[in-house]
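This briefing is intended for a reader meeting the structure for the first time. Please look over the sequence and the model below before reading on.

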Amino acid sequence: MESIEEPIDADGGMLETGASEKSEIQSRENLDRNAPIDEKLPEGRGQKRPADDDSNTEGGNDSDGANGANDDASQDAGTETEKLSKNKLRKLKRRKMWEVKKQEKKGLRKEKRLKQQERKRLEREAEMAAAAAEGRKPVFNEPPKRQPVSATKVPVSVIIDCQFEQYMMEKELVSLGSQITRCYSDNRNAQFPVHIFISSYGGQMKERFETVLKNQHEHWKNVRFTQGNFVDAASEAKTLMQGPEGGQVIELLSQGKEGDSVSMSEPTNFTKKQQKQQKQQKTAPVPEPEADDVDKSTVYLTADSPYTLERLEPNTSYVIGGIIDKNREKGLCYKIARQKNVRTAKLPIGDFMVMQSRHVLTTNHVMEIMLRWLETGDWGTAFMKVIPTRKGGKLKEDEETPEMGEEQPEEASKEVGSKSSAVATQDIEMTEPTVIQSKESAAPEQQGVPEVEGDNSEEGLQKNSLDQQRWSAPPEDGVEAPITDNIS
């Protein structure tokens with residue numbers, strides 16, 4: 001604030017200022033108080049520093065244009081990361097950690113394999129040296145080679161419908177890829193291999209097969225991948241099965257008439273309470289009989305179908321829903337099959353087994369059951385070999401016929417009743433002579449020492465009356481036996 005010097009006269013006294021001057025001074029003071037803060041602060045303090053882009057433009061350097069472009073790109077990348085949710089970022093972090101651990105495990109497996117090879121080489125050299133010293137032929141403990149199975153290809157196709165990617169999570173998609181790989185492995189080692197089609201092939205599954213699995217599926221035999229739906233795959237399979245590469249019709253497939261392999265299941269008699277619960281839960285759609293113009297060359301296997309599959313037919317395609325949803329989407333496969341007007345059926349699990357859980361199996365289990373049926377011709381045997389024990393499945397024959405050593409409940413109760421009555425009568429017969437004998441033995445006790453009877457006679461014990469202990473040692477000579485009041 002500027003200092004105002006007041007005029008001084010020659011005598012040293014101060015002159016009085018006018019009213020106009022005072023008002024001017026006050027106005028200037030008010031302006032100083034209301035001045036902005038930036039003007040009061042010294043230069044360089046509390047002021048915003050100019051951006052680099054502004055300084056570059058002011059300087060006119062053309063080389064800094066690339067830096068500006070890089071800054072824009074980093075800002076775009078930052079906005080992309082900001083758009084990702086916390087859950088997505090967490091999954092990406094876990095993915096990176098999994099890839100690092102995968103490389104570590106790969107190195108450990110390689111090291112372990114090299115150690116095993118070195119150990120086997122040393123054992124082989126030691127055996128050869130010992131055999132040469134003993135003058136005999138070396139004996140190597142090698143595992144027996146698997147005998148090749150004479151496979152006979154049959155004109156049956158299995159289509160795995162993979163159009164349900166939108167209903168599954170990432171880990172479920174990974175599990176489905178593993179199940180498809182297992183289906184190929186089981187079919188390759190089967191005695192009667194079938195034709196496999198993967199329909200609606202694309203999306204994350206295709207990406208996984210091409211990147212993580214390194215295009216191993218390109219070398220699979222009897223497996224075809226198609227981007228069309230299961231109806232297109234069934235049409236392609238029908239042409240293939242009727243051609244020269246279709247396969248041989250074995251005796252098991254030639255049984256029965258064409259089109260009679262699917263039969264209507266018996267209706268389940270639910271109680272009113274169960275029917276009310278089903279209506280409230282809104283589970284699977286209500287099963288309906290198939291139309292007259294239904295395509296009988298394609299059968300969609302689903303547990304919600306009212307029809308039961310009795311046997312496999314030649315020149316027929318069986319569709320398996322490639323979905324792992326933990327029973328979230330109930331009746332989805334049956335609904336799609338009805339929309340495409342194809343036959344539906346379920347495996348005859350209820351006719352042969354008693355299950356403690358729902359009759360829903362994985363893709364590779366359904367595939368293996370069909371291959372086992374082609375080998376044995378018996379659904380019960382196929383179910384027992386394939387269905388996991390955790391589902392608690394038992395054959396109905398085992399439930400109806402009791403095992404060795406077990407009896408029917410009614411017969412067992414009758415025998416228990418007869419045995420109990422026989423034991424009671426035997427106890428009465430055993431107790432009566434004892435009472436009579438005890439009464440008769442009361443008199444001899446007063447006369448002298450009673451005779452000792454039974455097995456206890458060898459131990460020198462004698463039998464007492466009812467008011468004494470049952471057995472006691474004989475008294476010594478000249479000493480009377482004490483009488484007790486205890487009743488045994």
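Predicted model: local features only at pLDDT ≥ 70, side-chain atom pairs only at ≥ 80, totals over all residues.

Residues are numbered from 1 along each chain as its sequence is written, and side-chain values use heavy atoms, with hydrogens and water left out.

**The chain as a whole**

- The secondary structure of the protein chain comprises 16 helices and twelve strands; helices (H or I, at least four residues) and strands (E, at least two) are DSSP runs, numbered from the N terminus.
- Of the 488 residues in the protein chain, 26% are buried, where buried means under 20% relative accessible area, exposed means over 50%, and partly exposed lies in between (1.4 Å probe, protein chains only).
- The accessible surface of the protein chain comes to about 35600 Å², and 49% of this belongs to carbon and sulfur atoms; accessible areas come from the Shrake-Rupley method with a 1.4 Å probe, and for residues only the protein chains shown count as cover.
- Among contacts in the protein chain with a separation of 6 or more, 71% are between residues 24 or more positions apart; contact means heavy atoms within 4.5 Å.

**Salt bridges**

- Side chains of opposite charge can pair when their charged atoms come close.
- The count of salt bridges comes to twelve, a salt bridge being a side-chain nitrogen of Lys or Arg within 4 Å of a carboxyl oxygen of Asp or Glu.
- Lys 115 is joined to Glu 111 by a salt bridge, with the closest N and O atoms 3.8 Å apart.
- Both Lys 115 and Glu 111 belong to helix α5 (residues 86-134), where they are four residues apart, about one turn of the helix.
- Lys 115 is exposed because its relative accessible area is 56%, whereas Glu 111, at 43%, is partly exposed.
- Glu 118, Arg 121 and Glu 125 are connected by a network of salt bridges.
- Arg 136 and Glu 134 meet through their side chains in a salt bridge of 2.6 Å, N to O.
- Arg 136 counts as partly exposed at 35% relative accessibility, and Glu 134 is exposed at 56%.
- Arg 328 forms a salt bridge with Glu 172, with 3.0 Å between the closest N and O atoms.
- Because Arg 328 lies in the loop between β7 and α10 (332-339) and Glu 172 in helix α6 (residues 170-188), this pair ties together parts that are 156 residues apart in sequence.
- Arg 328 is partly exposed, with a relative accessible area of 40%, while Glu 172 counts as buried at 3%.

**Buried positions and their surroundings**

- Ser 317 is found in strand β7 (residues 316-321), and its relative accessible area of 1% makes it buried.
- Apart from neighbours within four places in sequence, Ser 317 contacts Ser 157, Ile 159, Ala 234, Ala 237, Met 241, Ser 297, Thr 298 and Val 299.
- Helix α10 has buried residues at Leu 332, Cys 333, Tyr 334, Ile 336 and Ala 337.
- These buried residues of α10 pack against α8 (230-241), β5 (295-301), β7 and β8 (342-345).
- Asn 341, which follows α10, has a positive phi, near 60°.

**Arg 224 in strand β3**

- Arg 224 sits in strand β3 and counts as partly exposed because its relative accessibility is 29%.
- Between Arg 224 and His 195 there are 8.2 Å in space, C-alpha to C-alpha, although the two are 29 residues apart in sequence.
- Setting aside neighbours within four places in sequence, the residues in contact with Arg 224 include His 195, Phe 197, Glu 236 and Glu 245.

**Surface patches**

- Patches are made of residues with over 30% relative accessible area and no salt bridge; like charges are joined within 9 Å, and nonpolar side chains (Val, Leu, Ile, Met, Phe, Trp, Tyr) within 5 Å.
- Lys and Arg count as positive and Asp and Glu as negative, with His and the chain ends not counted; the place of a charge is taken as NZ of Lys, CZ of Arg, CG of Asp or CD of Glu.
- A positive surface patch consists of Lys 101, Lys 102, Lys 105, Lys 106, Arg 109, Lys 110, Arg 113 and Lys 214.
- Lys 214 is located in the loop between α7 (203-211) and β3 (223-225), and counts as exposed at 60% relative accessibility.
- Leu 84, Leu 89 and Leu 92 make a nonpolar surface patch of about 220 Å².
- Leu 92 belongs to helix α5 and is partly exposed, with a relative accessible area of 39%.
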